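Start with the model itself.

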Amino acid sequence: MPRAGLSAERVVDEAERLADEVGLAQLSLAALAARLGVQPPSLYKHIAGQDALQRTIEARAKAELAEVMRDAAVGRSGADAVRSIAAEYRRWAKAHPGRYAATLAAPDPADADALAASVRAVDVLRDALAAYGLKGDDEIDAIRTLRSGLHGFVALEAAGGFGLPLDVDRSYVRLVDALVATLPSGR
């Protein structure tokens, strides 16, 4: 019988918090069980194992990031939308480093939840870039360029890669401005 107060949702919620604290790669069922005050086998009443837990975290993190980006873009288009999305992307990634790590890989095509959340995130960027009239490969290139630039900065910042005495926020804004300038007509 499952422990009172313990549910699949609570287990995943706590796993997400733990991943944010220790890193997604360091998340283990043993550490999660200790945090929840149960023995590791008790977790299997709520999750199917480490891989299933990781897939659930991935799908939820991608969905949450897509929602954050979507909310940032509401009422905006073109450069304004891209800048707003970029600011919220960085804020969310800094606040949720473990969950952010779960958003990086392309989803397994067999994982409907992660795939749907990934599509929503790409669609947010696609909508933000609609003002530029990009189509086909050009649109995908622009989405990949934005994602790569934002991720590169966020990853370096998280790893302590910016040691020079210059405002990191200023540098991020300049990066985003540079990315926007690469888009057609520099909007």
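In this predicted model, the buried residues of α7 are Ala 114, Ala 117, Ser 118, Ala 121, Val 124, Leu 125 and Ala 128. They lie on the same side of α7, because they cover an arc of only 115 degrees around the axis. An α-helix has 3.6 residues a turn, so residues three or four places apart point the same way. The face of α7 turned away from this buried side carries the exposed residues Ala 112 and Asp 127. The buried residues pack against α4 (50-73), α5 and α8.

Which residues does Ala 128 contact, leaving aside its neighbours within four places in sequence? They are Ser 77, Gly 78, Ala 81 and Ile 85. Ala 128 belongs to helix α7. Its relative accessible area is 3%, so Ala 128 counts as buried, the cut-off being under 20%. Its C-alpha is separated by 9.8 Å from that of Arg 83, 45 residues apart along the chain.

Helix α8 spans residues 136-158. Its buried residues are Glu 139, Ala 142, Ile 143, Leu 146, Gly 149, Leu 150, Phe 153, Val 154 and Glu 157. These pack against α5 (78-95), α6 (97-102), α7 (112-128) and α9 (168-181). Just after α8, Gly 160 takes a positive phi of about 75 degrees.

Both helices reach close to their expected lengths at 1.5 Å a residue.

| Helix | Residues in helix | First to last C-alpha | Expected |
|---|---|---|---|
| α7 | 17 residues | 24 Å | 24 Å |
| α8 | 23 residues | 33 Å | 33 Å |

Conventions. Residues numbered from 1 in each chain as written. Predicted model: local features only at pLDDT ≥ 70, side-chain atom pairs only at ≥ 80, totals over all residues. Heavy atoms only, no water. Helix = DSSP H or I, 4+ residues; strand = E, 2+ residues; numbered from the N terminus. Expected span 1.5 Å × (residues − 1). Buried < 20%, exposed > 50% of the residue type's maximum accessible area, 1.4 Å probe, protein only. Contact = heavy atoms within 4.5 Å. Arc of directions from axis to C-beta.
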